[in-house]
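I opened a new model today. My notes follow.

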Amino acid sequence: MSLERFCRKTVAVIQPTQSVAEAAEVMRDRHVGALVVVQEGLRPVGMLTDRDIVTRAVAERKDSRALTVGEIMSPEPATAHVDDTLDRTLFTLRERGVRRLPIVDEQGRVVGLVSLDDVLVLLSGELGQTAAAVRENQGP
């Protein structure tokens, strides 16, 4: 199964030159805990999470209006390709120790996002269907 079938197609993005305050507003308004930081052509250059804002800005008592996303983001994000398999995606999540992966197309542009939570929901649904099929096929 490719990522294209179950990834989130709507991705919350922000530019590295925007302020951390703007990023927090986008997160609030979009009801998300992470933003893909993109530059020209929607190419991912970083990830910014609500935890990044708390630990790298708020806890350090920095001015979120003067601080840019680029200053506190996690650079060079791990990505997944739109044609990657679920196995490959799980490997990348585990190998890189991240919970979210921007999904990129052949040109390296962000076209989706997959999270560990998305994968867990998908797998639990598949396991539930498999268990139901096994129960229905039990003999006397």
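How many bridges join strand E2 to strand E3, and do they run parallel or antiparallel? I looked at residues 34–39 for E2 and residues 43–49 for E3: six bridges join them, and they run antiparallel. I noted that Leu 35 stands opposite Leu 48 in E3.

A note on sources. This is a predicted model, where local features need pLDDT of at least 70, side-chain atom pairs count only at pLDDT 80 or more, and totals for chains, interfaces and linings use all residues. Residues are numbered from 1 along each chain as its sequence is written, and side-chain values use heavy atoms, with hydrogens and water left out.

I then checked terms. Helices (H or I, at least four residues) and strands (E, at least two) are DSSP runs, numbered from the N terminus. Two strands pair if DSSP finds at least two bridges between them.

Next I followed the sheet around E2 and E3. It is open, has four strands in the order E1-E2-E3-E4, and its pairing is mixed. E1 (13–14) and E4 (74–75) are the edge strands, each pairing on one side only.

I turned to the helices. Helix H1 (residues 20–30) lies across E1, E2 and E3, at about 125° to E2. Helix H2 (residues 50–58) packs on the sheet and touches E3 and E4; its direction makes about 65° with that of E3. Contact means heavy atoms within 4.5 Å. Axes are lines fitted to C-alpha atoms, for helices over the stretch in contact, and angles run from 0 to 180 degrees between N-to-C directions.

Last, I found an open sheet of three strands, E5-E6-E7, with mixed pairing. E5 (80–81) and E7 (110–115) each have a single partner strand, so one side of each lacks a neighbour in the sheet. E5 pairs with E6 (residues 100–104) in the parallel sense over two bridges. Ala 80 stands opposite Ile 103 in E6.
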